[in-house]
Amino acid sequence: MKAAAVTLGLVLAAGTAAAQRFTLAGSLSFAEHRVDAGFGLERTAGWIGGAALGGRLGSIDLQAHLRSGRLLLRSATGTDLEMAELGLAASWWLRPWIALRGAALVRGYSADVARQRWRMAELGAELRVPFAVTRARGIVRGGWRPAVTVSGLSRPNTAFVAAAGTEYDVSRFSFAILYELERYDFPPQAGMKRFEQLSALTVQGAFHP
Amino acid sequence: MLVVLASVALAGRAAAQDSTAAVLARARAHYDRLEIEQALPLFRQVTSPQWTAPVTPTQRAEAFKYIGATFVIMGQRDSGVVYFQAALARDPFTDLDARTFTPAQTAAFAAARQTTFAVGARPIVATRVSLRTDQVHFTIVTTHSADILARLSRADSSLAFVILQGGNDGVRDVAWDGLGPGGRIVPPGRYALDVVATSRLLSIPDSVRVYFDLRVETPPLEDTLRALPPDTLLPEHRSQSGARGDLGKGLAIAGGVLLLSRGLRNDRLSTGSDARPVIVASAAALTGVVAFLRGRAHSRIDANIAANRRVLTTHDSTNAAIRTRNADRLARPVLVIAPARAGAP
């Protein structure tokens, strides 16, 4: 898994370097992380900032992103979390409005007492629905995460991500507002089921030089 | 004189098999070497009733001319004038070149012209005349000063009109613009050029008629451009279906956000309300509404309208130019003139 991620990362990095058109993006998300491991709901929420570098290679979009933020406890039990994520993604645009998407992500949750690392591979698709009159388009994205490893936990039975929203072009800039939802259902471990969910409202701005 | 008659008898037998042109050429050669005793019988042979080879009026006139010239050299001026008159009567275009004939000969010939009256017209030569730049030319002649009337008439019709009327002396070029009465281009058909002349010196009339066939050939016309097919022009208005579609897209995205937030979440983890998907859904719905309203308010596509006007203007001006050129061609056709093939009607 690690080797695959490294290989994919090298490929994406080389591809981005050779890309014909670059995109620099920044994002700000208000994220909420919910976990129920059988001891009640733990809810943390907070702002997550991110940056991304993308490029177009033919009909393939390549992107590397990094995001990080602090999620504060909003429930009776649990602890504050530091979240950091590195992701590499590639989208193959079959048509101007539909792409197949693959991604590899490494995410870490850090608390005062423990640290948890997630490694994920994602396969999915993205739709972009252009509006006829305005320079806007709707975005719908969905992905299945067939390979998820979490330190200290078994692999989840269910792991997927979905997002939807709108994106607007203004000159060389584009702005998007998206709602994203990640859901993970883990198999019972010692008779206890674990469910996790990460949702976020993300506002993203991108510059296309 | 006996010598001359004997020579004629001998030459007649010797040249019986020769053509008129060959005999005339031989006779001229003798004449040019001043061998008039040899030349004269040959010229007389051509004018003789016993000469069986075909002789054109021009050849006969040439023979008479040289006989007349020979008699003037021989000092028999009156005989020379008579033969010159005979030449002019057969071909009024007969003339003496002052560089090759003596002053006495040209003087005798001038006297013959004054005492003989004939009018002539050169045979029509096949030609094509573009009425845009040229005219049809006829060449006529009177042996001396005369009043003439040149008239064209179309066979088998009452169409007839005068193209020249007035005085004339000698050879004259008569130009015709191809137009008939009313300034219209004459119809095709067989035409006759009649030249009627009356001598101002002798008060005797003469006339000549030549026939020719006339064909009106209109240059090929250009086709005008076809009407522009509807799909050639750019759409000038955005379709209202596009605006309605945008509204639908916005609402669909909004619904998708809400469906995603409620339908895909884990219910065991979801407590309380969440404003975030509502915010994103509202943005999507608002985008659709704005797009719908803008689409209705700004349906005109000014750039396409301007582009279409340019295309239509170019198309129309091109067609107008083609129509002008075609009208010009129709107004100025080419006349194809040819000598009448069969006998005159």
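Strands here are DSSP runs (E, at least two residues) and helices are H or I runs of at least four, numbered from the N terminus. I also note that two strands pair if DSSP finds at least two bridges between them.

**Ground rules.** I'm working on a predicted model, where local features need pLDDT of at least 70, side-chain atom pairs count only at pLDDT 80 or more, and totals for chains, interfaces and linings use all residues. Residues are numbered from 1 along each chain as its sequence is written, while chains are lettered from A and ligands numbered from 1 in the order in which they are written.

**The barrel.** I traced the sheet of chain A first. 10 strands close into a barrel, in the order β1-β2-β3-β4-β5-β6-β7-β8-β9-β10, with antiparallel pairing. Direction ignored, neighbouring strands are turned by 20° against each other on average; axes are lines fitted to C-alpha atoms, for helices over the stretch in contact, and angles run from 0 to 180 degrees between N-to-C directions.

I counted 16 bridges between β1(A) and β2(A) (residues 41-57), an antiparallel pair. A:Asp36 has A:Leu41 of β2(A) as its bridge partner. Four residues sit between the strands of this hairpin, and A:Gly38 takes a positive phi near 100° there. Next come β2(A) and β3(A) (residues 60-73), antiparallel and joined by 12 bridges. Here A:Leu57 is bridged to A:Ile60 of β3(A). This hairpin has two residues between its strands, with A:Gly58 at a positive phi near 65°.

**Start of β1.** A:Arg21 belongs to β1(A), which spans residues 21-36. Is A:Arg21 buried or exposed? A:Arg21 counts as exposed because it has 11 C-beta neighbours inside 10 Å; the cut-offs are 20 or more other C-beta atoms within 10 Å for buried, 12 or fewer for exposed and partly exposed in between, with C-beta atoms placed from the backbone. Neighbours within four places in sequence aside, A:Arg21 is in contact with A:Gly55, A:Arg56 and A:His208 (contact is C-beta atoms, placed from the backbone, within 7 Å). I also checked A:Asp61, 40 residues away along the chain: its C-alpha is 9.4 Å from that of A:Arg21.

**A:Glu126, both sides.** β5(A) (residues 98-110) runs antiparallel to β6(A) with 13 bridges, and a hairpin joins them through four residues. A:Glu126 in β6(A) stands opposite A:Ala99, and also opposite A:Arg141 in β7(A). β6(A) and β7(A) are antiparallel too, with 12 bridges.

I found 25 residues of chain A in contact with 28 of chain B. On the chain A side, β1, β7 (136-150), β8 (158-170), β9 (173-189) and β10 (192-207) each give two or more residues. Which element gives the largest share? That is β9(A), with six residues. By class, this side of chain A has 16 nonpolar, five polar and four charged residues; Ala, Val, Leu, Ile, Met, Phe, Trp, Tyr, Cys and Pro count as nonpolar, Asp, Glu, Lys and Arg as charged, and the others, Gly among them, as polar.

**Helices of chain B.** α7(B) (residues 240-263) and α8(B) (residues 275-297) pack at about 175°, their axes 7 Å apart. That makes the two helices roughly antiparallel (the label needs over 145 degrees; under 35 is roughly parallel, 65 to 115 roughly perpendicular and the rest oblique). Their contact has 15 nonpolar, seven polar and four charged residues. As for the sheet, α8(B) lies across β1, β7, β8, β9 and β10 of chain A, at about 145° to β9(A).

How values were computed
Contact = placed C-beta atoms within 7 Å.
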